[in-house]
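Here is a friendly briefing on the structure below.

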Amino acid sequence: MSTAFAYKARDPQGSLHEGQIEAASAEDAGQQLRRDGFTVLEINEDLSPPPSLFPRRVTRAEVVYASTQLAVMIDTGIALAEALESMAAQEENPTLKRVLLELHDSVQQGEDFSLALAKHPKLFDKTYVSLIKASEATGTMGPMLERIATYLRKELESRARVRAALAYPMVMLVLAVMVTIFLLTYVMPQFAPMFASRGTKLPLPTKVMMAASNVLVNQWYWCLLGTTVVVGGLIYGLRTEAGKKVWDGIKIRAPLLGTMSRKVAIGRSIRTLGTMMGSGIPVLDALKLSADVAGNWYYEQLWKHVSDQVVEGQQIHESLAGQPLFPQMLVQMISAGERTGRLGQVLERVSDFYEQEVETSLKGLTAMLEPIMITVMGGVVGTIGMAIMLPIFSLSKPAG
């Protein structure tokens with residue numbers, strides 16, 4: 001059985017060649033190359049995964065684990081290129097394996113690790129690349145990777161808590177829609193012929209429900225087309241600047257979701273700002289990255305405003321003072337951090353506090369949404385049931 005081997009070799013004229021060769025073993029591959037007149041410099045089993053039409057996605061959790069693993073290996077004295085090659089050999093995700101091998105090749109050729117990471121923006125965002133770039137300048141690659149892994153882990157946990165809290169209301173909403181469709185398309189049509197044959201005078205709720213049932217049963221294609229157009233329009237609108245502005249405004253002003261949405265946006269921003277400044281990133285770069293990760297149009301504009309004010313000579317807390325989107329208590333903490341020169345540490349501690357606040361808000365939100373969703377679902381089912389039962393009651397009454 002032949003195996004693919006990657007090789008580096010020089011031809012008789014001294015030119016360097018790199019490629020792959022099929023052979024039963026590394027020794028056989030070397031003999032083939034030497035027979036062809038090459039001087040073998042390096043030959044290894046090719047670890048590159050085969051190309052796939054549907055490449056497996058790399059999750060955020062896998063990036064966190066890989067960063068932690070790389071940090072440990074660097075701290076124990078293993079060279080960066082060797083660590084990347086070792087990780088690639090053990091990686092089961094073919095997509096991540098390919099990325100690790102590409103990073104290894106770039107580092108092996110003398111390219112900065114930060115530049116190699118920047119070639120994969122979907123996996124390593126601007127924050128990740130900026131922190132690595134700072135560590136290259138200070139020679140603190142191992143500790144910085146550990147710091148990055150901690151930062152990504154906290155961000156991942158925060159997002160997971162938000163998704164988990166909203167999962168129950170979303171399931172209830174989908175269930176309510178499915179039950180409604182079932183009642184209108186299957187149950188209601190069973191009673192319509194009976195009502196028509198008896199000549200029963202239908203009350204208004206029954207007329208409305210029968211009209212809705214008729215539309216869903218006989219004109220379902222228009223319903224499907226309309227739903228598709230509406231959903232497509234919403235998706236397109238949310239990708240535009242105006243649509244994002246409107247939606248983000250709704251999120252931070254909504255009665256139940258507003259408080260939590262503001263805390264999430266603030267927590268992400270200050271965690272990034274604290275991590276950046278604590279790692280030696282210039283303040284303007286840190287502010288720009290904080291705006292990028294805020295996840296809300298209004299907070300992105302707020303941080304850009306702060307950046308502009310800092311360019312003009314103001315301190316961060318002065319730029320944030322009086323901003324309705326930013327708690328004044330936090331402004332005071334930032335002021336204290338700037339006075340003492342420990343702003344990075346202060347912001348990281350405050351971000352931990354905001355994570356706890358988000359978790360508390362999520363629990364409260366879930367506790368409030370559960371009875372609301374149950375009430376809504378019960379109201380919908382009850383309304384349809386009432387629309388069916390009212391004509392039956394009129395039929396059961398004695399004539400005269």
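Contact here means heavy atoms within 4.5 Å. This is a predicted model, in which local features need pLDDT of at least 70, side-chain atom pairs count only at pLDDT 80 or more, and totals for chains, interfaces and linings use all residues. Residues are numbered from 1 along each chain as its sequence is written, and side-chain values use heavy atoms, with hydrogens and water left out.

**Helix H2 against helix H7**

- Arg60, Ala61, Val63, Val64, Ser67, Thr68, Leu70, Ala71, Ile74 and Asp75 of H2 meet Met141, Gly142, Pro143, Leu145, Glu146, Ala149, Leu152, Arg153, Glu155 and Leu156 of H7.
- By class, this contact of H2 with H7 has twelve nonpolar, three polar and five charged residues (Ala, Val, Leu, Ile, Met, Phe, Trp, Tyr, Cys and Pro count as nonpolar, Asp, Glu, Lys and Arg as charged, and the others, Gly among them, as polar).
- The axes of H2 (residues 60-75) and H7 (residues 141-198) come within 8 Å and cross at roughly 160 degrees, with axes fitted to C-alpha atoms over the stretch in contact and angles running from 0 to 180 degrees between N-to-C directions.
- That makes H2 roughly antiparallel to H7 (over 145 degrees).

**The whole chain**

- The chain has 16 helices and three strands, taken as DSSP runs (H or I, at least four residues, for helices; E, at least two, for strands).
- Along its principal axes, the C-alpha trace spans about 110 × 65 × 35 Å.
- Of the 400 residues, 38% count as buried (under 20% relative accessible area, with a 1.4 Å probe and protein chains only).

Conventions:
Angles under 35 degrees count as roughly parallel, over 145 as roughly antiparallel, 65 to 115 as roughly perpendicular and the rest as oblique. Buried means under 20% relative accessible area, exposed over 50%, partly exposed in between (1.4 Å probe, protein chains only).
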